[in-house]
Amino acid sequence: MEGDSVSPLREPPVRGIEQRDGCAVVRLAGELDLYNADDVRAALNQAIDASPERIVVDMAEVDFVDSTALGVLIEARSKLGHAGLVLAAPQLETRRTLQVSGLDRHLPVHDSVDDALSA
């Protein structure tokens, strides 16, 4: 069973949190879903507790996002206010999910982390 298509679900979704230019960058990867939404929520809350100017969610390595994970992003945004949470570098499938759900109209989406930090 090792190495099958289920193994990415076992990878931690949070790959790191770093401070850059007064902002927190939360790097996520893999599949964000019901099974690891609490890990994502904990990382975002940890970033929020540091009172950054903005939180940039780096989604460059995210392969899939379900409605539970989208809810976690909205929850974090509501704690931070309108400009407090921005998304960076979503892949095509993730970007489509944001568009279909309408979240791209409520969460700013940037092409890269650097763009999101300088916005």
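Q: Is the crossing of H1 and H2 left-handed or right-handed?
A: This is a predicted model, where local features need pLDDT of at least 70, side-chain atom pairs count only at pLDDT 80 or more, and totals for chains, interfaces and linings use all residues. Residues are numbered from 1 along each chain as its sequence is written, and side-chain values use heavy atoms, without hydrogens and water. The crossing of H1 and H2 is right-handed.

Q: How is H1 oriented relative to H2?
A: Helix H1 covers residues 37-49 and helix H2 covers residues 67-80 (DSSP runs of H or I, at least four residues). They pack with axes 9 Å apart, at an angle of about 15°. Under 35 degrees counts as roughly parallel, so H1 and H2 are roughly parallel.

Q: Which residues of H2 does H1 meet?
A: Contact means heavy atoms within 4.5 Å. From H1 come Ala 37, Val 40, Arg 41, Leu 44, Asn 45 and Ile 48. Their partners in H2 are Thr 68, Val 72, Leu 73, Glu 75, Ala 76, Lys 79 and Leu 80.

Q: Which are the edge strands of the sheet?
A: The open sheet has five strands (E runs of at least two residues) in the order S1-S2-S3-S4-S5, with mixed pairing. Strands pair if DSSP finds at least two bridges between them. The strands that pair on one side only are S1 (14-20) and S5 (109-110).

Q: What is the bridge partner of Leu 87 in S5?
A: Strand S4 spans residues 85-88 and runs parallel to S5. Two bridges join S4 to S5. In S5, Leu 87 has as its bridge partner Val 109.

Notes
Axes are lines fitted to C-alpha atoms, for helices over the stretch in contact, and angles run from 0 to 180 degrees between N-to-C directions. Angles under 35 degrees count as roughly parallel, over 145 as roughly antiparallel, 65 to 115 as roughly perpendicular and the rest as oblique. A crossing is left-handed if the near helix is turned anticlockwise from the far one by less than a right angle, and right-handed if clockwise.
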